[in-house]
Amino acid sequence: MWEYTNKVQQHFLHPKNVGEIENPDGIGEVGSLACGDALKLTFKVDDKGVIADAKFKTFGCASAIASSSVLTEMIIGMTLDEAAKVTNEDIADRLGGLPKEKMHCSVMGREALESAIANYRGLKLPMAEGEVVCECFGVTDLEIIRAIKESNLRSVEEITNFTKAGGGCGKCIDRLREILVATVHQGIDIKQIAEKPKRMTTLQKIKKIEEALEREIRPGLRKDGGDIELVDVDGDFVMVSLRGSCTSCAKSQTTLKEYVEKKLRELVLDSLIVEESK
Amino acid sequence: MMNPEDAVYMDNNATTRVAPEVLEAMMPYLRDYYGNPSSMHRFGGQVGAAITEARKKVASLLGAEPEEIVFTSCGTESDSTAIFSALQSFPDKRHVVTTRVEHPAVKNLCENLDTLTGHKHRLTRLMVAADGTLDLQKYEEALADDTAIVSVMWANNETGVIFPIAEMARIARERGILFHTDAVQAVGKVPINLKELDVDFLSLSGHKLHGPKGIGVLYVRRGTPFVPFLVGGHQEKGRRGGTENVASIVGLGRACDLAAAHMAEENSRVKALRDKLEQGLLSSIPHSMLNGHKTDRLPNTANISFEYVEGEAILLHMDQYNICASSGSACTSGSLEPSHVLRAMGVPFTAAHGSIRYSLSIYNTEAEIDFVLEKMPPIIAGLRQMSPFWKADA
């Protein structure tokens with residue numbers, strides 16, 4: 001059983017603003033039956049550009065219904081410009097948080113809102129025009145890139161939690177990894193990390209990385225008067241700081257990528273991305 | 001915490017209530033008789049006698065010999081033991097036959113054999129028809145000279161569909177291939193007589209038949225080549241190392257006795273309750289359908305799909321009335337896709353996401369069935385009102 005907050009349970013058991021507005025000013029429809037969740041949002045806008053009423057219809061689990069319900073509550077009374085700024089994090093926060101595997105429910109809410117606003121303004125959403133990466137859930141690269149940037153995602157698992165991409169057959173996992181790297185940090189040879197990753201907790205990663213640094217990597221660097229410190233591990237991103245003669249070495253970036261990263265991938269996890277902390 | 005007395009418990013394929021008689025039988029071995037059955041002194045030796053007694057009871061329920069019973073920690077351990085044993089006994093045979101609808105204990109093991117053993121394997125996963133049944137001809141065609149073992153569940157945990165194990169085991173025997181069946185859902189619900197069957201390995205789990213959790217059995221037919229999975233002391237005649245889980249073994253013995261005594265009730269009264277529930281739901285709720293074969297099915301299981309609504313939402317509404325059941329929806333499967341069993345049967349997405357499994361036991365009453373029949377229609381109707389796919393006139 002999921003650990004839902006009281007707020008989620010409340011909105012699930014007694015949802016607000018269920019239904020469909022007749023002759024709405026804006027309609028947003030996202031998701032599908034195949035995906036397991038879908039949301040249709042309709043709203044009315046008054047002459048001052050304020051959302052006067054909003055209703056939803058949702059097919060999905062408790063958190064999908066709760067996210068939709070709380071979203072309508074949030075946006076009624078907002079101007080369209082204010083509503084356009086609502087993020088999925090705002091929705092999740094209003095519910096007192098969502099289980100991480102359920103974050104995609106709040107993303108669905110934000111997407112429906114965005115699509116309804118675009119519909120009102122007669123605009124076409126750029127998201128749908130991207131290249132479909134996850135065929136199981138119809139997620140495009142633009143949606144994934146946006147989620148990575150907005151929610152500061154740092155691993156493929158997090159991308160799946162937020163967008164559902166990669167949660168079906170898993171065929172697109174390699175591609176997700178490429179997008180993750182390209183989005184977070186341009187200019188890395190993304191082909192190198194197309195291997196399927198194993199899953200590890202951050203704590204496990206830190207321990208193993210420290211071990212590998214101590215046993216395999218530091219001795220080599222120290223021979224040349226250099227050293228390395230582990231600064232942080234964030235998803236698959238490993239932040240390190242070079243010390244000693246490494247700091248002034250022209251080849252330090254090559255050392256980082258060709259030596260440190262290669263070693264850590266070999267010894268710890270083949271999806272790790274090593275970066276210098278500045 | 002929810003009061004156990006309040007639970008309308010219809011999730012017996014997940015786990016069952018420990019029968020009061022079972023708990024009573026176990027207590028002395030938790031409280032007083034803590035000796036090690038392997039010890040030389042009488043204090044330990046008398047505990048060994050209790051294990052012998054329990055072994056006889058388990059054997060009797062299965063129509064097996066006591067020495068063919070190996071106690072393990074769970075159904076999963078039994079499954080792993082059987083399959084790894086066969087692969088190690090026949091190192092030149094690297095083909096395994098199973099189905100698309102196995103429990104994860106067999107499914108995930110078979111799908112990862114290469115990584116787990118370091119050897120390359122061939123795996124045939126038999127498809128099922130829309131009603132969840134297997135095609136025997138396809139099964140025969142799948143068997144090959146290098147097939148080490150066939151592993152097919154006796155009854156499916158999600159739909160209750162029963163497979164023709166007697167026939168399948170006979171065919172495997174004719175070809176000289178070992179046959180394993182995961183009978184975790186079948187033991188105690190349908191009669192099993194291993195003397196009349198060509199089954200080499202059979203797995204069962206205590207907590208599915210009103211015994212405690214943490215105890216399982218692997219039946220190993222006498223004369224079947226065997227390599228232990230847990231290597232250690234001489235317990236279980238060297239077939240499974242580790243000090244015996246005495247109280248649970250005693251409890252399982254008692255549970256097997258009770259299961260034999262309740263077998264007729266399970267197949268008459270419980271089955272009648274299940275049929276009433278199933279027919280009641282299908283007739284009172286439009287756009288609902290049964291998943292699985294109508295008759296070749298466990299007497300306690302009904303898997304029903306309610307179209308256009310999602311399983312987790314249904315379960316949480318049921319939970320408000322203390323009704324306990326399961327769903328094959330994506331949100332409850334731990335992944336983002338609905339149950340592999342329903343997908344293998346080709347159940348459309350509209351229905352797979354809204355599937356609910358009701359699994360009964362002898363502890364269910366007619367009043368509980370009436371209660372569920374009263375509560376379900378408004379729950380489904382309420383969620384459909386909210387669903388963008390539901391058309392009131394549909």
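How many of the 9 residues of β3(A) are buried? The answer is 7, so to speak a mostly covered strand. By buried I mean that 20 or more other C-beta atoms lie within 10 Å of the residue's own; exposed is 12 or fewer, partly exposed is in between, and the C-beta atoms are placed from the backbone.

Okay, some housekeeping. This is a predicted model, where local features need pLDDT of at least 70 and side-chain atom pairs count only at pLDDT 80 or more, while totals for chains, interfaces and linings use all residues. Residues are numbered from 1 along each chain as its sequence is written, with chains lettered from A and ligands numbered from 1 in the order in which they are written. When I say helix or strand, I mean DSSP runs numbered from the N terminus: H or I of at least four residues for helices, E of at least two for strands.

On confidence, the model scores ipTM 0.88 and pTM 0.81. Chain B averages a pLDDT of 95, and 98% of its residues score at least 70; pLDDT is the predictor's confidence in each residue, from 0 to 100. Where pLDDT is low, the predicted coordinates should not be read in detail.

Back to β3(A). Its antiparallel partner is β2(A), and 8 bridges join the two. For pairing, DSSP has to find at least two bridges between two strands. Within this pair, A:Thr42 stands opposite A:Lys55. The two strands make a hairpin with 5 residues between them, and A:Gly49 in the turn has a positive phi of about 80 degrees.

Now the interface with chain B. Chain A puts in 19 residues and chain B 21, where contact means C-beta atoms, placed from the backbone, within 7 Å. On the chain A side, the elements giving two or more residues are α1 (6–13), β2 (37–45), β3 (51–59) and α2 (62–75). And here β3(A) comes back: the largest share of that side, 3 residues, is from this strand. By class, the chain A side has 11 nonpolar, 5 polar and 3 charged residues. The classes are these: Ala, Val, Leu, Ile, Met, Phe, Trp, Tyr, Cys and Pro count as nonpolar, Asp, Glu, Lys and Arg as charged, and the others, Gly among them, as polar.

Let's zoom out to chain A as a whole. The chain has 10 helices and 8 strands, and its C-alpha trace spans about 75 × 40 × 30 Å along the principal axes. Of its 278 residues, 42% are buried. If you take contacts in chain A with a separation of 6 or more, 55% are between residues 24 or more positions apart.

An automatic or database assignment sets the domain bounds, and chain A is divided into domain 1 (6–121), domain 2 (127–193) and domain 3 (202–276). The centres of domains 2 and 3 of chain A, taken over C-alpha atoms, are 25 Å apart. Their contact takes 9 residues from domain 2 and 7 residues from domain 3. On the domain 2 side, helix α8 (residues 173–184) gives the largest share, 3 residues.

Next, a sheet in chain A. Three strands form an open sheet in the order β6-β7-β8, with mixed pairing. β6 (226–234) and β8 (273–276) are at the edges with a single partner strand each, so one side of each has no neighbour in the sheet. The twist averages 35 degrees from one strand to the next. Angles here run from 0 to 180 degrees between N-to-C directions, with axes as lines fitted to C-alpha atoms, for helices over the stretch in contact. β7 (residues 237–244) and β8(A) pair in the parallel sense over 4 bridges, with A:Val238 opposite A:Val274. Helix α10 (residues 252–267) of chain A packs on this sheet and touches β6, β7 and β8; its direction makes about 150 degrees with that of β8(A).

Over to chain B. Its open sheet has 7 strands in the order β2-β8-β7-β6-β5-β3-β4, again with mixed pairing. Which strands stand at the edges? Those are β2 (69–72) and β4 (122–126), each with a single partner strand. Strands β7 (residues 201–205) and β8 (residues 216–220) of chain B pair antiparallel over 5 bridges, and B:Leu204 stands opposite B:Val217. Helix α7 (residues 165–174) of chain B packs on the sheet, touching β5 (147–151) and β6 (178–182), and its direction makes about 155 degrees with that of β6(B).

Notes:
Two residues are in contact if their C-beta atoms, placed from the backbone, lie within 7 Å.
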